[in-house]
Amino acid sequence: MWDYTEKVMDLFYNPKHQGVIEATDEPGLKIVTGEIGSIACGDALRLHLKIDESTNIILDARFQTFGCASAIASSSALTEMIIGMTVEEAMKITNRQIAEYLGGLPEEKMHCSVMGQEALEAAISSYKGIPIVVHEEDESAL
Ligand code: FES
Ligand code: FES
């Protein structure tokens with residue numbers, strides 16, 4: 001058994017913001033999805049964001065994952081962190097900050113938090129209509 005923090009276990013058993021975001025015709029709102037697969041474990045993560053286009057504020061974030069307990073906890077933590085942030089603020093979040101929010105992750109499980117960060121990057125790229133850029137740090141963490 002991995003040595004998980006209480007926060008990881010709590011978010012694993014009671015994940016926040018799991019699922020999808022309903023489509024909306026409301027003007028000024030954009031829903032985007034970022035999808036990422038991990039080379040290290042073969043799992044996948046999909047992150048959905050609802051963004052207010054006039055302020056760039058993330059109004060809602062939901063995730064779906066086939067990942068492990070750490071991936072569920074990391075994704076859940078990420079959604080809690082980014083709701084209410086602007087896209088610019090969210091772009092600065094690193095996978096280390098996700099792990100810190102959880103009170104730490106076992107070293108072998110750090111890549112589960114990288115998936116969260118990469119899915120966020122993919123979703124924001126899709127929002128901005130720019131190609132996905134993967135950080136060098138992410139590569140080394142895999
Ligand atoms: Fe699927 Fe372990 S690889 S549960
Ligand atoms: Fe694959 Fe965590 S998502 S080990």
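**Close-up views of a predicted model**

**View 1. Helix α2 and its buried residues.** In α2, the buried residues are S70, A71, I72, A73, S74, S75, S76, A77, L78, T79 and I82. The structure shown is a predicted model. Helix α2 is mostly covered, with eleven of its 14 residues buried. The helix spans residues 69–82 and reaches 20 Å from its first C-alpha to its last, close to the 20 Å expected at 1.5 Å a residue. After α2 comes G84, which has a positive phi, near 100°.

**View 2. The hairpin of β2 and β3.** The strands β2 and β3 run antiparallel and are joined by eight bridges. Across the pair, L49 stands opposite A61 in β3. Four residues lie between the two strands of this hairpin. In the turn, N56 has a positive phi of about 65°.

**View 3. The largest nonpolar core.** This core has 31 residues, of which L47, A119 and L120 touch the most other members. Two or more residues each come from α1, β2, β3, α2, α3, α4 and α5. The most come from α5, which gives eight residues.

**View 4. Contacts of L120.** Leaving aside residues up to four places away in sequence, L120 touches G34, L47, L78, I82, A90 and I93.

How values were computed:
Residues are numbered from 1 along each chain as its sequence is written. Chains are lettered from A and ligands numbered from 1 in the order in which they are written. This is a predicted model: local features need pLDDT of at least 70, side-chain atom pairs count only at pLDDT 80 or more; totals for chains, interfaces and linings use all residues. The expected span of a helix is 1.5 Å times one less than its number of residues. A residue is buried if 20 or more other C-beta atoms lie within 10 Å of its own, exposed if 12 or fewer, and partly exposed in between; C-beta atoms are placed from the backbone. Two strands pair if DSSP finds at least two bridges between them. A nonpolar core is a set of buried Ala, Val, Leu, Ile, Met, Phe, Trp, Tyr and Cys residues joined through C-beta atoms within 7 Å. Two residues are in contact if their C-beta atoms, placed from the backbone, lie within 7 Å.
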